[in-house]
Amino acid sequence: MPFICIGPVCIPWSVVWPVVVLLFGPLWRRLPEKFTKPVEDFFEALHARLSRWLGSVPGLRWFFQPRAKPKRAAQGPTDGPRYVDSLKLWGEVLTDAQQQDKAVLVQFGASFCQPCKQITPFVEDTVKAQYANAVTYVKVDVEEAPEVADKLGPCPAIPLFQLWYRGELRKHFTGARKDKLLEMLAEFAANSSQSL
């Protein structure tokens with residue numbers, strides 16, 4: 001097996017490709033669609049062709065299952081969190097909240113994040129039960145909308161919660177911590193007539 005030696009460390013050649021792919025992922029998501037769309041279309045067509053022949057092989061069935069991106073249904077104002085996936089939608093959320101004199105609670109997460117999945121029902125129930133008239137709850141998937149996550153500030157870890165009021169970031173914390181969330185919302189409710 002060939003090796004690549006960098007100083008005193010030698011690594012197998014087969015390890016290089018996964019590392020390159022891992023590092024290229026964030027760059028790929030930032031490329032314009034005119035570059036990425038043809039490549040993605042090619043690989044989707046290749047996947048469809050290969051699945052006809054290899055989809056029946058027992059060890060490969062999981063790989064050739066149809067891959068569809070989940071689509072979120074349009075939501076009304078009380079149906080749960082709004083999903084922000086563009087800067088334009090973020091601007092609309094902020095404008096709506098300012099017109100209604102509401103705060104915006106933003107939860108940054110990702111589909112692979114287990115703590116995000118665990119705390120989401122608690123956040124939904126808390127906002128709906130206690131703060132429905134004062135807080136708009138939105139979610140940002142850092143994988144699907146990296147430009148929104150970059151624009152709203154550094155996202156060192158997920159879940160990250162931010163509380164925006166009158167177009168300004170007022171409070172934030174990291175982690176699936178129910179006590180910190182309740183403390184932040186209670187402080188906002190107590191000081192909502194004043195600035196935080």
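A residue is called buried when its relative accessible area is under 20%, exposed when that area is over 50%, and partly exposed in between, as computed with a 1.4 Å probe on protein chains only. The structure is a predicted model, in which local features need pLDDT of at least 70 and side-chain atom pairs count only at pLDDT 80 or more, while totals for chains, interfaces and linings use all residues. Residues are numbered from 1 along each chain as its sequence is written, and side-chain values use heavy atoms, with hydrogens and water left out.

The account begins with T120, a residue of helix α4. Helices (H or I, at least four residues) and strands (E, at least two) are DSSP runs, numbered from the N terminus. T120 counts as buried because its relative accessibility is 8%. Contact is defined as heavy atoms within 4.5 Å; when neighbours within four places in sequence are left aside, T120 is in contact with Q107, Y137 and K139.

Helix α4 covers residues 114-130, which are 17 residues. From its first C-alpha to its last it reaches 25 Å, close to the expected 24 Å; the expected span is 1.5 Å times one less than the number of residues. The helix has a kink of about 30 degrees at T120, shortly before the proline P121. Such a bend is the angle between axes fitted to the seven residues ending at a position and the seven starting there. Besides T120, the buried residues of α4 include C116, I119, V123, T126 and V127. The buried residues of this helix pack against β4 (103-109), β5 (135-141), β6 (160-165) and α6 (178-190).

A kink of about 35 degrees lies at F24 in α1, shortly before the proline P26.

The interior comes next. In soluble globular proteins, nonpolar side chains tend to be buried together. A nonpolar core is a set of buried Ala, Val, Leu, Ile, Met, Phe, Trp, Tyr and Cys residues joined through side-chain atoms within 4.5 Å. The largest such core has 18 residues, of which W90, V104, V106 and F108 touch the most other members. At least two residues of this core come from each of α3 (87-99), β4, β5, α5 (146-151) and β6, and α3 gives the most, with four. Another core, of 16 residues, lies apart from it and has I119, Y131, Y165 and F173 among its members.

The last topic is charged pairs. A salt bridge is a side-chain nitrogen of Lys or Arg within 4 Å of a carboxyl oxygen of Asp or Glu, and the whole structure contains six. One of them joins the side chains of D150 and R30, at 2.6 Å from N to O. D150 lies in helix α5 and R30 in helix α1, so this pair ties together parts that are 120 residues apart in sequence. D150 is partly exposed, at 45% relative accessible area.

A salt bridge also links D41 with K37, their closest N and O atoms being 3.1 Å apart. Because they are four residues apart in helix α2 (residues 33-54), D41 and K37 are separated by about one helical turn. D41 is partly exposed at 34%, as is K37 at 38%.
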